[in-house]
Amino acid sequence: ALTTGIVGLPNVGKSTLFNAITQAGAESANYPFCTIDPNVGIVEVPDERLQVLTTLVDPKKTIPTAFEFTDIAGIVEGASKGEGLGNKFLSHIRQVDAISHVVRCFADDNITHVSGSVNPIRDIQVINLELILADFETVDKRLARVSKLARTKDKDAVAELAVLEKLRVAFEDEKPARSVEFTEDEEKLVKGMHLLTSKPVLYAANVSEEDIMDPEQNEYVAKVKAFAAEENSEVIVVCAKIEEEEIAELEGDEKQEFLDDLGIAESGLDQLIRAAYQLLGLQTYFTAGVQEVRAWTFKKGIKAPQAAGIIHTDFERGFIRAEIVSYEDLVDAESMAVAKERGKVRLEGKEYVVADGDVIHFRFNV
Ligand code: GDP
């Protein structure tokens, strides 16, 4: 399963945020495919469409979809020098598909900052630099090999050399691979290199209990936003402490009331969950029967049979067709029967690329 790793310097609030994630905890019985590991937290994906469908269909139960966050342990600084725990840090990052980078934007004299003062941009750069140095080594090794081959006019080597040179220039400038512009062909080569700094990143700006009501006031948040904008990354403002101590325990109306009192529309953690889901390229389709209305996660771009396989491998093997109505059309029609009358329910075959919000009934042979 695709996962996003939570990284950050010590004392920025990673554990607090990760605790909030595990406390809000998805019922793992519903998600047998998820990893059981103390460093993995399973989160349900907040999606208001699921409530709307539940009202329409009135099923016996409603099950949201879920995915995983991984808590990345280990020491950051010096990691690229390959020492002990630092090395472990890099190997953990290698295994995740996206990165949620927690940065400290709260001032609290009682909590030591590893570098002596709160400075989120410097913090971001400390971690980014370790990742860049590790990638630099990967690229350097390949450069040595590929430049020899390129001299023999080997076509593939010439193409790869150009990519490696672009990367080297970026790394020398302390810029991550994701900031470099590549052609589509080059992009494929980069993918094969499994670089750490190619992974998509979002920043979680961890603010104090006071600032969560008005994060615009927080000068650190403004700085993180400006920095992130330059590399086209998103910033989510969160107060890890409130998420852990207050919000994680709440559900439904109670949770909404609490957020209303704080004057915020959606909890920072919920925003983070949805942003990470998007960053991983994940989307949701629904099944909506009287027994169960359920959301399912799929990787953007997959076809109908693979989507069926997410429910059960038999569904993929015996796939015949998918009966599909878009969420919007179903909500407009207010019932499956009316949607059918209006010709909004389509029969799709093996080549159909599933769209976010599709409500699907699979037909299959057993
Ligand atoms: P980690 O080392 O990054 O995992 O950091 P922790 O989650 O252990 O947090 C370090 C300290 O900062 C703990 O004492 C937390 O209670 C505190 N902390 C974390 N988030 C917040 C926050 O949003 N506001 C305040 N005031 N303190 C926080």
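The model is predicted: local features require pLDDT of at least 70, side-chain atom pairs count only at pLDDT 80 or more, and totals for chains, interfaces and linings use all residues. Residues are numbered from 1 along each chain as its sequence is written. The protein is divided into domain 1 (3-46 + 64-114 + 200-279), domain 2 (127-197) and domain 3 (301-364), with bounds from an automatic or database domain assignment. Between domain 2 and domain 3, the C-alpha centres are 41 Å apart.

- Helices (H or I, at least four residues) and strands (E, at least two) are DSSP runs, numbered from the N terminus.

**Annotated binding site**

- An unreviewed UniProt entry places the feature "binding site" at Asn-11, Val-12, Gly-13, Lys-14, Ser-15 and Thr-16; UniProt positions follow the numbering used here, feature names are shortened, and annotations may be inferred rather than shown by experiment.
- Asn-11 lies in the loop between strand E1 (3-7) and H1, and is partly exposed because 14 other C-beta atoms lie within 10 Å.
- Ser-15 lies in helix H1 and counts as partly exposed, with 17 C-beta neighbours inside 10 Å.
- A residue is buried if 20 or more other C-beta atoms lie within 10 Å of its own, exposed if 12 or fewer, and partly exposed in between, with C-beta atoms placed from the backbone.

**Helix H11**

- In helix H11 (residues 304-311), the buried residues are Ala-304, Pro-305, Ala-307 and Ala-308.
- These residues cover an arc of only 160° around the axis, which puts them on the same side of H11; the arc is that of the directions from the helix axis to the C-beta atoms.
- Their cover includes strand E8 (282-288), strand E9 (292-299), helix H12 (313-317) and strand E10 (319-326).
- Ala-304 is buried, with 23 other C-beta atoms within 10 Å.
- Beyond its neighbours within four places in sequence, Ala-304 is in contact with residues including Phe-319, Ala-322 and Glu-348; contact requires C-beta atoms, placed from the backbone, within 7 Å.

Conventions: Contact = placed C-beta atoms within 7 Å.
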